[in-house]
Number of protein chains: 2
Amino acid sequence: MRTEAREAAKRKFIDFLEKKKLRNTDQRRVIIDTVFDTDEHFTAEQLLDWAREKDRSVSRATVYRTLLLLTESDLLHEMDFGKPYKFYDPNYSDHPNHHHLICEDCEKIVEFDSEQIKTIEEEIGQKLGFTVKSQKLQLSATCDSLKRSGTCDGISCH
Amino acid sequence: MRTEAREAAKRKFIDFLEKKKLRNTDQRRVIIDTVFDTDEHFTAEQLLDWAREKDRSVSRATVYRTLLLLTESDLLHEMDFGKPYKFYDPNYSDHPNHHHLICEDCEKIVEFDSEQIKTIEEEIGQKLGFTVKSQKLQLSATCDSLKRSGTCDGISCH
DNA sequence: ATAAGTGCAAATCATTTGCAATGTC
DNA sequence: GACATTGCAAATGATTTGCACTTAT
């Protein structure tokens, strides 16, 4: 994630805590530093591992409790990729309307934006009598370069 | 669901079983009858209840095992609506490309199709070097009639 | 001082699985 | 008869929670 975006997200979280009269603890700081130092999707367990590398005192319970605060404050989005555990996406604060393409061949996840889709979504919502507030779009796809050349090189698949 | 679509889905499932040399048991028949007699989204637990009304011998284990077969054969789609349990959507065999709009006010789920979105998805996939195989789009929205008149009447919210 | 936050271990709860009995082909 | 399928009850595994101690404000 870009440095400014990352720092902005951390600041927003501190603001969120203050506004709710919640406390700015060592563990919460370590966890948000970890969350916004990556632009990968991650699981609760991965976050626990990473955070513990920085501070052994971070516990699984606090990771889950902080993940809840981060999703409530809309700085982190919960994602379901069909696995029995959740993934978390730290890129929404920088790209609030991005979508996901998941490659069935290499499991790689590509993020993309589309103004066009956003516009159509709003039109459709209006036609149905609703105001669209947010969206989740996941495309499942196969890798063209794999099919053509037998390997996952080029822009696709990595 | 329309009668023909419903019957077609059941037939496809029987074919699927035969092709895989799996057996056409009483319990599986009761479960698919139940699944394709509704066009609502449902949970495993609801399906168990409904199936048991028809045949007390149906067990939770068989419901889960049959749900797996139904999703594998692509006749039923698993959906994540942010709850700790999964929902199942029986309408994909009739409308393979439909999307969902979830109303934040009344929790109603509206299904809709859009050729336009499908086209854009394919274009974007191509540009990224992939062939799009399937998609999941969920819009989260608020109800206009509720905002205007204070009640959820009209086409929205029911 | 006070109330929020923490780690730990136990609890929860949807889903999965081992197994002996049963049913389908 | 062979082997898939079933129900049951126990296991699993991600996430949540109660509690006594600790820490931020």
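In this predicted model, a phosphate oxygen of DNA strand D is 2.5 Å from a side-chain N or O atom of R28(B). S59(B) likewise places a side-chain N or O atom 2.3 Å from a phosphate oxygen of DNA strand D.

Sugar and phosphate make up 69% of the atoms of DNA strand D that come within 4 Å of the protein. By residue class, the surface near DNA strand D holds 8 nonpolar, 6 polar and 7 charged residues.

DNA strand C has 22 residues around it, and S57(A), S59(A), T62(A), R23(B) and Y64(B) come nearest. Of the atoms of DNA strand C within 4 Å of the protein, sugar or phosphate accounts for 68%, and bases provide the rest. From chain A, a polar side-chain atom of T25(A) lies 2.7 Å from a phosphate oxygen of DNA strand C, and a backbone N or O atom of V58(A) lies 3.5 Å from a phosphate oxygen of DNA strand C. From chain B, the side chain of Y64(B) has an N or O atom 2.5 Å from a phosphate oxygen of DNA strand C. Two or more residues of the surface near DNA strand C come from each of α2 (26-35) and α4 of chain A and α4 of chain B. The largest share, 4 residues, belongs to α4(B). The surface near DNA strand C divides into 8 nonpolar, 6 polar and 8 charged residues.

| Protein group | DNA group | Distance |
|---|---|---|
| R28(B) side chain | phosphate oxygen, DNA strand D | 2.5 Å |
| S59(B) side chain | phosphate oxygen, DNA strand D | 2.3 Å |
| T25(A) side chain | phosphate oxygen, DNA strand C | 2.7 Å |
| V58(A) backbone | phosphate oxygen, DNA strand C | 3.5 Å |
| Y64(B) side chain | phosphate oxygen, DNA strand C | 2.5 Å |

The two protein chains also contact each other, with 36 residues from chain A and 36 residues from chain B. Together they bury about 3,000 Å², of which 65% is on carbon and sulfur atoms. I120(A), L128(A) and F130(A) supply 19% of the area that chain A buries against chain B, more than any other three residues.

The second largest pocket has a volume of about 1,200 Å³. Its lining comprises 36 residues, with F81(A), G82(A), Q138(A), S140(A) and K136(B) nearest the centre. The elements giving two or more residues to this lining are β3 (99-103) and β5 (130-143) of chain A, and β1 (77-79) and β5 (130-143) of chain B. The lining residues divide into 14 nonpolar, 10 polar and 12 charged.

Finally, T71(B) lies in helix α4 of chain B. Leaving aside residues up to four places away in sequence, T71(B) touches L76(B), E78(B) and Y88(B). T71(B) and F112(B) are 41 residues apart in sequence and 21 Å apart in space, C-alpha to C-alpha.

Notes: Residues numbered from 1 in each chain as written. Chains lettered and ligands numbered in written order. Predicted model: local features only at pLDDT ≥ 70, side-chain atom pairs only at ≥ 80, totals over all residues. Heavy atoms only, no water. Near = heavy atom within 4 Å. Polar contact = N/O pair within 3.5 Å; in protein donor to acceptor, adjacent residues only side chain to side chain. Nonpolar A, V, L, I, M, F, W, Y, C, P; charged D, E, K, R; others polar. 1 Å grid on protein atoms, 1.4 Å probe; cavity = no way out; pocket = protein on both sides within 12 Å on 5 of 7 lines; lining within 4 Å. Points joined across faces, edges and corners; volume = space filled by probe spheres on them. Contact = heavy atoms within 4.5 Å. Buried area = accessible area lost by both parts, 1.4 Å probe.
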